[in-house]
Amino acid sequence: MAEGKNLVLIGMPGAGKSTVGALVSKALNMPFIDTDILIQNRENRCLQELIKDFGIDGFIRIEESAVRSINVENHVIATGGSVIYSESAVSHLKENGVLIFLNARVYQLERRLKNSQTRGIAIRPGQSLSSLYNERLPLYKKYADVEIDCSHKHIGTIVSEVAENFFKLS
């Protein structure tokens, strides 16, 4: 493993980035950063309030600023699902990181995101989760160093695949 590389998780809301990230960080003994929590701490407001007050474009600028402020090595970083809308934020993460796309299927996301209106998801009013997935999928694939299919897998299997791919690519 190359010293200093970060393991960066990207994917849709509900794909398991925060959960997998926390478990991988424990397994690899690496510190963990959740960019959604970083944003909420920096702004002293929940994500949903930020989206409501600043709109999706404003929220993406806030997210970009928070992500670009991260200057660490050997960390596991779980990003917000909308980070891929900022080429600048993604470029910053890729400078020193291996980007792993956790690809969960829409039916899984819908099952996990029963509170999508209050969870702080950058989704336009009236837009379906399926439509959002189809909009973001090409961007996740474009920026990811590796894609992990999370469908029909136990969380432990996903964590192992993430760790194995990180070691192969770092």
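**Entry 1: I84**

I began with I84, which is buried at a relative accessible area of 2%. For this label I use under 20% relative accessible area as buried, over 50% as exposed and anything in between as partly exposed, with a 1.4 Å probe and protein chains only. Before going on, I noted that this is a predicted model, where local features need pLDDT of at least 70, side-chain atom pairs count only at pLDDT 80 or more, and totals for chains, interfaces and linings use all residues. I also noted that residues are numbered from 1 along each chain as its sequence is written, and that side-chain values use heavy atoms, with hydrogens and water left out.

I found I84 in the loop between β3 and α4 (87-95). Helices here are DSSP runs of H or I with at least four residues, strands are runs of E with at least two, and both are numbered from the N terminus.

Which residues is I84 in contact with, leaving aside neighbours within four places in sequence? I listed I10, V90, R136, L139, Y140 and Y143. Contact means heavy atoms within 4.5 Å. I also checked I84 against G11: they are 73 residues apart in sequence, and their C-alpha atoms are 8.7 Å apart in space.

**Entry 2: the whole chain**

Next I stepped back to the fold. I counted seven helices and five strands in the protein chain. Read from the N terminus, the order is β-α-β-α-α-β-α-β-α-α-β-α. The radius of gyration is 15 Å, close to the 15 Å that the globule rule gives for 170 residues, so the chain is as compact as a globular protein of that length. That radius is taken over C-alpha atoms, and the rule is 2.2 Å times the number of residues to the power 0.38.

I took the extents too: the C-alpha trace spans about 45 × 35 × 25 Å along its principal axes. Of the 170 residues, 50% are buried. Among contacts with a separation of 6 or more, 75% are between residues 24 or more positions apart.

**Entry 3: surface and charge**

The accessible surface of the chain comes to about 8100 Å², and carbon and sulfur atoms hold 48% of that. The areas come from the Shrake-Rupley method with a 1.4 Å probe, and for residues only the protein chains shown count as cover.

How far apart are the mean positions of the positive and negative charges? I get 4 Å, for 20 positive and 19 negative charges. Lys and Arg count as positive and Asp and Glu as negative, while His and the chain ends are not counted. I placed each charge at NZ of Lys, CZ of Arg, CG of Asp or CD of Glu.

**Entry 4: cysteines**

I looked for disulfides, taking a pair of cysteine sulfur atoms within 2.5 Å as the rule. The count is zero. C46 is partly exposed at 32% relative accessible area, while C150 is buried at 2%.

**Entry 5: two asparagines**

I then went through backbone angles. N44 is not a glycine, yet its phi is positive, at about 55 degrees. It sits in the loop between α2 (35-43) and α3 (47-68). Is N44 buried or exposed? It is exposed, with a relative accessible area of 69%.

N74 also has a positive phi of about 55 degrees without being a glycine. I located N74 in the loop between α3 and β3 (76-78). N74 is partly exposed, at 22% relative accessibility.

L23 lies in helix α1 (residues 17-28) and is partly exposed at 37%. Leaving aside neighbours within four places in sequence, L23 is in contact with I155 and V159. The C-alpha atoms of L23 and S160 are 9.7 Å apart, although 137 residues separate them along the chain.

Q127 belongs to the loop between α5 (106-112) and α6 (129-143), and Q127 is buried at 14%. Not counting residues up to four places away in sequence, Q127 touches L132 and E135. From Q127 to M12 I read 14 Å, C-alpha to C-alpha, across 115 residues of sequence.

My last stop was K168 in helix α7 (residues 155-169). K168 is exposed at 66% relative accessibility. Its C-alpha atom is 26 Å from that of R68, 100 residues away along the chain.
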